[in-house]
Number of protein chains: 2
Amino acid sequence: MYAVKAMPRPRSLTPAQLAAAALTVVDRDGLAGLTMRAVGKELGTSTMALYRYVADREELEGLVVELVLDRVDSTPPADLPWPERLRVLVERVRAATGAHPAVVPLFPAHRHRSPGVLRWSEAVLGVLTEAGFDGTRRVIALRGLLSYVIGAIQLEHLGPLSGSGTVTMAQLPRTDFPLMAETAQAARQVGPDEEFGGGLDVLLRGLVAHSDRD
Amino acid sequence: MYAVKAMPRPRSLTPAQLAAAALTVVDRDGLAGLTMRAVGKELGTSTMALYRYVADREELEGLVVELVLDRVDSTPPADLPWPERLRVLVERVRAATGAHPAVVPLFPAHRHRSPGVLRWSEAVLGVLTEAGFDGTRRVIALRGLLSYVIGAIQLEHLGPLSGSGTVTMAQLPRTDFPLMAETAQAARQVGPDEEFGGGLDVLLRGLVAHSDRD
DNA sequence: ACCTGAACACCGTTCAAGT
DNA sequence: ACCTGAACACCGTTCAAGT
C-alpha cells in the first residue's frame, strides 16, 4: 500500500543550470538580451517554468552574478609581503569579472548575495589583520578596496582609455581644456592592465602609509 | 511678399526642460519609473513628442546624467595643500550625485557625455600637474580617483554599511567567517561620510607617496 | 516643422488549465 | 508537484496622419 499520495514530480532543473543558461545568454546577447523568454528557450523549457526556481527577473540576475563571482579564487596567496597579497586578491576579482564584461553593470546591485564575495572579503580581512589593521580602519580599508575594484572594472568596460572617450578628449578645445588634450596623448599609451594595476598601486601605497601611521 | 515658405513651427520644449522633467520623474518614481510615457506626461505632451529632442531612451538617460553632473562645482579650491584640494574636488562629485541617488547606476555608462565631468577632470589634472604629476602617472592618478569615486558612490547607495548587508555579515557562521562577523560590529559604527572620506584618505596618501617617489 | 495616436513587437508576470 | 500557454499590463519605437 505504498504511494497513497501522488509522487511529487521531480524538478527538471537546478538553480545552477538556470544560472549557467542565463550567463550563456548574457555572454552571447548582452545584458539587454537577458529576458525570461530567452533563458527559457536556452533551457528548452517554457518561460514560466523559470518561476518555479526564481521569484523574479531580479533574482535571476542575482544568480548570474553569483555564478561569476563564485569563480573568484579566495585562497590566501602565501609567501608575499601583505600589500602584494592584497594585489593578488584584487586582481583575481578583475580576472573573474573580466571574462564576462556584460555582467559588470549587475555587479554593484547584487554583490552582497554572492558567497564568493563573502569568502573573498574574509580573505582580504585576513591579510589586513596580519598587517595590523583593526576596528574602523579595517572596515575602511576593505570598503576602499571594494570601491576601487568596482569602479575600476566598470570604467574599464564602459569607458576604456582605448575607446572613443579618449578620442573626444583629444579633440577638446585647447583653450578650455589644455590639460585634457595633453593627457589624451599619454592616455592612448596606457593599456588596461597598466591602468588597473597603477591605480591599485596608489591605493596599496596609501594603505602602507596608513598602517605605518600609529 | 514675405512668408513664401511656411513658417517653421517653433519648438515647444528645450533639451533642458526635457532633462529636468526626466530628473523629476527619476527622483519621484526611481529609475524603473523613467519611461518615455512618464516623461511625456510630466511635460504635458505626447510620448512621441520627446523623439523630436532625443533619438532614444538612452539619450534621455544621458541628459539626466548631464544635468546632475553639470552641477558639480569645478572651480579649483585655493589656499590648501594639493591633496586637500583633490579631496574637495572629489567630495563635490559625491555631494552632487548624492542628491539624486537613483541616477547613480546611470553614472558609469553616461559619464563621458557630460561637460561637467570634463571640467572636473581638467580641474583635477590642474592640481595633479602642480603636484608634479605628468605623463602616464598623471593619467593613472586621474583614472584612479575616478574609479574610486564611481565605485564608492555606488557602494554607498546600493550596499551601504548601515543596510541589510552588514546585518547578514554579522549573522555569518563564525567558524567560516570569523573576521567578517567581527568586522560587522565595527562597520555599524562607521557612517557614510567617514567611510567615503576614510577611503579617499587612503588613496590621497598613496598619491602623496607616489609623488615623493622619484 | 512639429506634434499626435494607433499600431507593432517586445517585455515581466498572473492565472487557469493540463499531467 | 510541476509545467504550460493564453492573457494582461506594461515597455520602446515606427509610421501615417493631422496642424
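**Annotated stretch**

I looked at residues 12-72 of chain A: the chain there is 59% helix and 0% strand, with end C-alpha atoms 28 Å apart. Helices are DSSP runs of H or I of at least four residues, strands runs of E of at least two, numbered from the N terminus. UniProt, in an unreviewed entry, lists these residues as "domain: HTH tetR-type"; such annotations may be inferred rather than shown by experiment, and positions follow the numbering used here, with feature names shortened.

The model is predicted: local features need pLDDT of at least 70 and side-chain atom pairs 80 or more, while totals for chains, interfaces and linings use all residues. Residues are numbered from 1 along each chain as written, chains are lettered from A and ligands numbered from 1 in written order, and side-chain values use heavy atoms, without hydrogens and water.

**Chain contact**

I laid chain A on chain B: RMSD 0.0 Å, by a turn of 180 degrees and a shift of 0.0 Å along the axis (least squares on C-alpha atoms of residues with pLDDT of at least 70 in both). That is the relation of a two-fold axis. I noted that 100% of the contact residues of chain A recur in chain B. In contact (heavy atoms within 4.5 Å) are 52 residues of chain A with 52 residues of chain B.

The buried area is about 4,700 Å², 71% of it from carbon and sulfur atoms (accessible area, 1.4 Å probe, lost on being put together, summed over both). Glu122(A), Arg143(A) and Arg205(A) supply 14% of what chain A buries against chain B, more than any other three residues.

Definitions and conventions
Buried area = accessible area lost by both parts, 1.4 Å probe.
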